[in-house]
Every structure is written in C-alpha cells, then in structure tokens.
Amino acid sequence: METNHNDYFIVKAMDNGVQVIGLTRGQDTRFHHTEKLDKGEVMIAQFTDHTSAVKIRGKAKIMTKYGVIDTEE
Ligand code: TRP
C-alpha cells in the first residue's frame with residue numbers, strides 16, 4: 001500500500017486537558033501515545049508508519065487540508 005505521510009494536521013486546545021491520542025497503523029488498532037494539551041497549546045503532527053488515526057478528546061480546533069472542525073463540548 002502506498003501511503004503519503006506528507007500532510008500535517010493541527011490541533012489547538014480550546015480548554016485545559018485536551019488529549020490527542022494516536023492509534024496504531026495496521027491489523028492491530030490500539031492507542032500508542034496520548035499527548036495532553038492545555039488551553040492555547042498547539043500540536044502539529046503527521047500521520048506516519050506508526051499512526052493511522054487520531055482521536056481527540058476535549059474542546060479543540062482541528063485543522064486539516066479538508067478544513068477546520070471543532071469538537072463539541
Ligand atoms: N512516534 C509517533 C509516530 O511517529 C509520533 C506521532 C506522529 C504521533 N503523529 C502522531 C502521536 C499523532 C500521536 C498522534 O507515529
């Protein structure tokens with residue numbers, strides 16, 4: 001499978017304690033990393049060989065090439 005890892009996504013925490021959770025690529029889908037962000041903190045990340053999905057908990061603004069989306073809270 002050809003996978004392009006060039007694109008970045010940005011998560012901006014709109015509240016304290018936002019979690020950015022990376023899920024593993026491949027057969028086995030599990031959490032492999034949880035990053036905690038406080039209000040105003042920003043994480044800039046890519047999808048990688050190890051990370052194929054990201055779950056975001058808490059109030060945050062997510063920016064991708066597809067647009068901007070806010071989590072509901
Ligand atoms: N070591 C992880 C990886 O290379 C770091 C990482 C990249 C990550 N993107 C992420 C962790 C998104 C959490 C969420 O895959």
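Two strands count as paired if DSSP finds at least two bridges between them, where strands (E, at least two residues) are DSSP runs numbered from the N terminus.

## Basis of the model

This is a predicted model, in which local features need pLDDT of at least 70 and side-chain atom pairs count only at pLDDT 80 or more, whereas totals for chains, interfaces and linings use all residues. Residues are numbered from 1 along each chain as its sequence is written.

## The four-stranded sheet

Four strands, in the order β4-β1-β6-β7, make up an open sheet with antiparallel pairing. The strands at its edges are β4 and β7 (67–70), each of which pairs on one side only. On average, neighbouring strands of this sheet are turned by 20° against each other, direction ignored; such angles are taken between axes, which are lines fitted to C-alpha atoms, and run from 0 to 180 degrees between N-to-C directions.

The individual pairings can be followed across the sheet. Five bridges link β1 and β4 in the antiparallel sense, and in β4 the residue I44 is the bridge partner of I10. On β1 and β6, which also run antiparallel, four bridges are found, with A60 in β6 as the bridge partner of A13. Strand β6 (residues 60–64) is in turn joined to β7 by four bridges, again antiparallel, and here K61 stands opposite D70 in β7.

## The three-stranded sheet

A further open sheet has three strands in the order β3-β2-β5, and its pairing is antiparallel. Because β3 and β5 stand at the edges, each with a single partner strand, one side of each is left without a neighbour in the sheet. From one strand to the next, the twist averages 20°.

Between β2 and β3, which run antiparallel, there are six bridges. Among the facing residues, V18 stands opposite L37 in β3, and Q19 stands opposite K36 in β3. These two strands form a hairpin with six residues between them, and in the turn G26 has a positive phi of about 105°.

## The nonpolar core

The largest nonpolar core consists of six residues, namely V11, A13, V18, V20, L37 and A60. A core of this kind is a set of buried Ala, Val, Leu, Ile, Met, Phe, Trp, Tyr and Cys residues joined through C-beta atoms within 7 Å. A residue is buried if 20 or more other C-beta atoms, placed from the backbone, lie within 10 Å of its own, exposed if 12 or fewer do, and partly exposed in between. At least two residues of this core come from each of β1 (8–13) and β2.

Apart from neighbours within four places in sequence, V20 is in contact (C-beta atoms, placed from the backbone, within 7 Å) with V11, E35, L37, M43, V54 and I56.

## The loop at G40

The loop between β3 and β4 contains G40, which counts as exposed because it has 10 C-beta neighbours inside 10 Å. Although G40 and A13 are 27 residues apart in sequence, they are 5.4 Å apart in space, C-alpha to C-alpha.

## Around the ligand

The residues around the ligand are V20, G22, H33, E35, A45, Q46, T48, H50, T51 and V54, a residue being near a molecule if its C-beta atom, placed from the backbone, lies within 6 Å of it. Two or more residues of this shell are given by each of β2 (18–24), β3 (31–37), β4 (42–46) and β5 (51–57).

By class, the shell divides into three nonpolar residues, six polar and one charged. Here Ala, Val, Leu, Ile, Met, Phe, Trp, Tyr, Cys and Pro count as nonpolar, Asp, Glu, Lys and Arg as charged, and the others, Gly among them, as polar.

Notes
Contact = placed C-beta atoms within 7 Å.
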